[in-house]
Every structure is written in C-alpha cells, then in structure tokens.
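Have the model open as you read.

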Amino acid sequence: MVEKMNRYILSAVGDKAAKQLNIAIRFLKKFSKLNITTISSRTNIKLNGDKNIVIDMPKELNDLEGSRYIKTNLPMFLDKLEGLYCYIDNDVYVVSEDCDKIFEEYQSPITFSDDYGQTVDDFSKGALYNGLLSKEIERKFKLKVNPDWRIYNSGVILFDSTSIDFFKTWQKYELEIFKDSNWKKRDQGVLVAAVWKHKLQNNKRLSSRYNWLIRHTAKVGSKLKFKNRSFYHDNTKVHFLHFIHDKINEPYSYVKEYRYALGLISKGNYESFKNNLKIFTLITLKLFLHPRAFFADANRNIGERTKKLKKKYNI
C-alpha cells in the first residue's frame, strides 16, 4: 500500500520557466522537507525537485499555452493521486518554516486563495480584449455567474483525488478559449466558469498568508514587514510571497533584475539567506509599493545592490 503524503507540485514549459522554477524550489527547500514533484516540457535544464515528470506537449501549443495546459489539469500528468498536493506558480516563494501548515486548510474538492477583492467583472481586462467577463462567460459557456463574486487566484492550489472532475472542466474551458480571439491566454478567467459550473463559488478560501500577492499589498492598506526572520502583515506571519508584476507599471527589465536578486538571496547558508532577505525586502517594497517614486533610480539601485550581494557571497 502506498503511503499517503503531502507533496508540492511545480511546472515549467521552456527554459525560461525552468530557470524560474528552480528559484522557487530553492526557496521551498529552505523551509520544507516534503516531496517536490515537477512537471516539465521543452527544456533540458535540470530541475531540482525530487521527481520530474517530462511530458510531450502538443505541437500546436506555444510555451505559454503549454503552461496553461498543464496547470489546468494537473492530475492528468501525475501518477495515482495519494494524499494532498499543493501546486505553486514559479513566481511564488516560500518564506516561512510554517509553510507546510497550508495542507491543513484544504477543503475538497479543491482550494484556492482570494485574489484580494477583485470581482468577476473587475477582472474583465485581465481575461478579455473586449467586454465584461460575466457576460462573456454566459455567452461562451452558457453559465450565469455573479459579476460581483470575488475571484480566486490560481497561483497556489490545494487538490487531491477528488479534484479530477474539476480539473477536467477547467482544462476543457481553457483549450476552448485558445481558439477565441476575444480571450487572453490566461487561466483565471475560465477558472471562474469552472468554479461556477461545479458550484464551488462558496468553497473555503485559502488564507492569504499562503498566497500573499505583493502587488496588492498597498491596495489593502497595509505593508509587509520583515522582523524576527519572517515576513508579517498586520502582525500575521506570511508564508508564501507571490511576486505578480503589473506590466504597465513595472517595466520588465526591472522585474528580471529583482528575480535575479531573489536567486542570489536563496543561495548559501541560512545566515546569508536571512541577511540577503532583509536587504532585498527593502528593494522589493520600494519597487512594488512605491513604483513611481522609485522608477528614476530603480535600475541603478537594484543593480548596485545585486552586485554587492554577488561580490559579498562570491556568487
């Protein structure tokens, strides 16, 4: 009999995503001893999890579409599901030794976190080129959804063997929008449709401390603080940081550089990790909470500090 256990799942399609995945794994391994399984395609980069599942990606899908193809039906690529699984995006970084407590928050058949108050129609521009998301879901999938319902964020997902039917619906809808020119190739728009199809709109939501979206910190009226080797928000420890960037307000060149600095942070022993994390917290908060004021010297500041970290720790 196979022992049931909790596992982390990450995925990557292409070399760029594989490099990001390894950064996320370095963080995860600092704080968790649980098994890490990766699902990958179109990369020869060695992935640093415990088990890597390589799949043949349909040729008609590009790398972005391929990443959605995997994410929206994770059980399809795994062996017989035993225990609980926690999927995390490649831009989600574990920063707390209490990270494994996330599994205690699971509610079958699948658990997502909140997207910080964004409603269905608030997310219209994120999912569509034109129109309102609630109306488009009704047109395309023949489902009526509440336009004021707060959407889920798909960056962190808890699932098990009871999740299979939901994932099948999610992937089916995702593949359908690939052929629809009005839909952007993202997964959260069709996630709304899948949730309402399976009547899971009132399911328990994962606590935000397990999927803290950096770019939304200012919107909820508070700031992350780093003390006693941990991140806190309103005196509550944050376990997972999700570095979603806004391409309109945060130039990609800066984002690439902060990702590189994150890679530096996660190398070395725990003391260097802690010290680097303190330094980089200041950079991150400035960039994400006060981007306009920081733009003028962002490139110079991040570049200089990254060089100092690299020199100091001989990386």
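K140 is partly exposed, with a relative accessible area of 22%; here buried means under 20% relative accessible area, exposed over 50% and partly exposed in between, using a 1.4 Å probe and protein chains only. Before going on, a word on what you're looking at: this is a predicted model, in which local features need pLDDT of at least 70 and side-chain atom pairs count only at pLDDT 80 or more, while totals for chains, interfaces and linings use all residues. Residues are numbered from 1 along each chain as its sequence is written, and side-chain values use heavy atoms, with hydrogens and water left out.

Back to K140, whose side chain meets that of D180 in a salt bridge at 3.1 Å, N to O. A salt bridge here is a side-chain nitrogen of Lys or Arg within 4 Å of a carboxyl oxygen of Asp or Glu. D180 sits in the loop between α5 and α6 and K140 in helix α4 (residues 133–141), so this pair ties together parts 40 residues apart in sequence. Helices (H or I, at least four residues) and strands (E, at least two) are DSSP runs, numbered from the N terminus. D180 counts as buried, at 14% relative accessibility.

How many salt bridges does a search of the whole structure find? There are 17. Side chains of opposite charge can pair when their charged atoms come close. Take E65 and K185, whose side chains meet at 2.5 Å, N to O. This pair links distant parts of the chain, 120 residues apart: E65 is in helix α2 (residues 63–71), and K185 is in the loop between α5 (164–177) and α6 (188–197). E65 counts as buried at 7% relative accessibility, while K185 is partly exposed at 29%.

Buried or exposed? K71 counts as buried at 4% relative accessibility, and D187 is buried, also with a relative accessible area of 4%. Salt bridges that share partners join R68, K71, D89 and D187 into one network.

Now turn to how α2 sits against α5. Two packed helices are described by the angle between their axes and the distance between the axes. α2 and α5 pack at about 160°, with axes 9 Å apart; the axes are lines fitted to C-alpha atoms, for helices over the stretch in contact, and angles run from 0 to 180 degrees between N-to-C directions. That makes α2 roughly antiparallel to α5, on a scale where angles under 35 degrees count as roughly parallel, over 145 as roughly antiparallel, 65 to 115 as roughly perpendicular and the rest as oblique. R68, Y69 and K71 of α2 make the contact with F167, W170, Q171, E174 and L175 of α5, where contact means heavy atoms within 4.5 Å.

Stay with α5 for a moment. Its 14 residues should span 20 Å at 1.5 Å a residue, and its end C-alpha atoms are 20 Å apart, which agrees; the expected span is 1.5 Å times one less than the number of residues. The buried residues of α5 are F166, F167, T169, W170, Q171, Y173, E174 and I177, and they pack against α2, β6 (110–119), α4, β7 (150–159) and α6. T169, at 14% relative accessibility, touches A194, K197 and H198, not counting residues up to four places away in sequence. T169 and T72 are 97 residues apart in sequence and 8.6 Å apart in space, C-alpha to C-alpha.

Zooming out, the chain has 9 helices and 12 strands. Of its 315 residues, 57% count as buried. Among contacts between residues at least 6 apart in sequence, 75% join residues at least 24 apart.

The peptide bond from S108 to P109 is cis, with omega near 10°, and P109 is found in the loop between β5 (92–94) and β6. R42, a residue other than glycine, has a positive phi near 60°; R42 lies in the loop between β2 (35–41) and β3 (51–54) and is partly exposed, with a relative accessible area of 35%. K199 also has a positive phi, near 55°. K199 is in the loop between α6 and β8 (212–213) and counts as exposed at 67% relative accessibility.
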